[in-house]
Amino acid sequence: MPLHQLDVPAPQVLPFAIGSFDSIGPLSRASFPHRHTFHEIAYVTQGTGSHVIDLRRWPLAPPHLCFITPGQVHHWERVTGLQGVVVLFEDAFLLAHPGDRDRLRRLGDAPSLPLTGRAAHRVDGLLARMREEYAEQQHDMVSVLQAYLHILLAEAARLPPAAPPGDPASAPEPVGRTAAVAAEFVRLLARPGAAAELSVRTCAAELGVSVGHLTAAVRESTGRTPGRLIRHAQVLEAKRLLAGTALTVGKVAREVGFADPAYFCRFFRRETGTSPGEFRRRADGNHHAPRAPSIDHGTPRP
């Protein structure tokens, strides 16, 4: 699965970029499944086709905002005339407003946000000022861009999300805002490679809390146990790989932390009601964009 990194001149100074789909480059409208180590916000003003995010197809209906969080798999399917603004940034760019990380996670749960005339006008203005600030490279540019991004996310969080295609019209379950430990646990699960690496014990150790404290915090905030959420992350990652790569089932099993492919198949069937092979065949029938080849380009840099 290609893993794209933020390619800017000095990411340690300014892990941020903004521009049109054309100026950002062809990967901004990639038609093959891929994922990022960074956040992406796409403001679509024109275009037809669909945006596929974690196996859900969102028909383009400009103007609207799209939110892609690190680790999510997405691609643009049968898109023509795609125009708008693309904003790219790493977690490090959110240090001035750390609460925006959780806000982005919630926006990423329902990643296609339709805009009314007034909301579109406000987003147009914010993005225009961000592009001007980025182009002019004036003193205190970083703090100004961070402030504009914070306002953009606050505006977006106020708007009603679109219902996922084919799903009941209900808002995604939020993580409690006061449950900092649970929010950090959810952030760990969103990290690329987390499905294979993490257990409840390793998460607790990384967050500096006991297993019991982590379990209580996560259950209170989400209604589910950490183990259940880790299994959900493993299933989601397995679905991404089965639908978006040509990896064998055995290799997919290893990528999500299972040394025994047979045990992985039993786990996948228990969690989803279908086998990995059946899921892949259905995904091939439902998604028309070609799967990315199972090659090593896009591997994270050391």
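Val-52 has Arg-57 of strand E5 as its bridge partner. That pair belongs to an antiparallel pairing of strand E4 (residues 39-53) with E5 (residues 56-59), which runs over 4 bridges. Everything described here comes from a predicted model, and the mean pLDDT of the protein chain is 84.

- The hairpin of E4 and E5 has 2 residues between its strands.
- Asp-54 sits in the loop between E4 and E5, and its phi is near 50°, a positive value in a residue other than glycine.
- Pro-63 is part of the loop that lies between E5 and strand E6 (64-68).
- As background for both features, most residues other than glycine have a negative phi, and most peptide bonds are trans.

**Helix H4 and its partner H3**

- Two packed helices are described by the angle between their axes and the distance between the axes.
- For helix H3 (residues 117-136) and H4, the axes come within 10 Å and cross at roughly 165°.
- H3 and H4 are therefore roughly antiparallel to each other, since angles over 145 degrees count as such.
- The crossing of H3 with H4 is left-handed.
- On the H3 side, the contact includes Arg-122, Val-123, Leu-126, Leu-127 and Met-130, and on the H4 side it includes Met-141, Val-144, Leu-145, Tyr-148 and Leu-152.
- By residue type, the contact of H3 with H4 divides into 12 nonpolar, no polar and 4 charged residues.

**Helix H4 and its partner H2**

- Helix H2 (residues 99-109) also meets H4 (residues 141-158): their axes come within 10 Å and cross at roughly 40°.
- That angle makes H2 oblique to H4.
- H2 and H4 cross in a left-handed way.
- From H2, Asp-100, Arg-103, Leu-104 and Leu-107 take part, and they meet His-150, Leu-153, Ala-154, Ala-156 and Ala-157 in H4.
- The residues in this contact of H2 with H4 are 6 nonpolar, 1 polar and 2 charged.

**Helices H9 and H11**

- Among the H9 residues in the contact are Arg-228, Arg-231, Gln-234 and Val-235, while H11 contributes residues including Phe-264, Phe-267, Phe-268 and Glu-271.
- This contact of H9 with H11 has 6 nonpolar, 2 polar and 5 charged residues.

**How confident is the prediction?**

- In the protein chain, 87% of the residues reach a pLDDT of 70 or more.
- Confidence is highest in strand E2 (residues 16-20), at a mean of 96, and lowest in helix H12 (residues 276-286), at 80.
- Over residues 167-178 the pLDDT stays under 50, and the model has 23 contacts beyond four places in sequence for this stretch.
- Residues 287-302 also have a pLDDT below 50, with 33 contacts in the model beyond near neighbours in sequence.

Technical notes: Residues numbered from 1 in each chain as written. Predicted model: local features only at pLDDT ≥ 70, side-chain atom pairs only at ≥ 80, totals over all residues. Heavy atoms only, no water. Axes fitted to C-alpha atoms, helices over the stretch in contact; angles between N-to-C directions. Parallel < 35°, antiparallel > 145°, perpendicular 65-115°, else oblique. Left-handed = near helix turned anticlockwise from the far one by under 90°. Contact = heavy atoms within 4.5 Å. Nonpolar A, V, L, I, M, F, W, Y, C, P; charged D, E, K, R; others polar. Pairing = 2+ DSSP bridges. pLDDT = per-residue confidence, 0-100.
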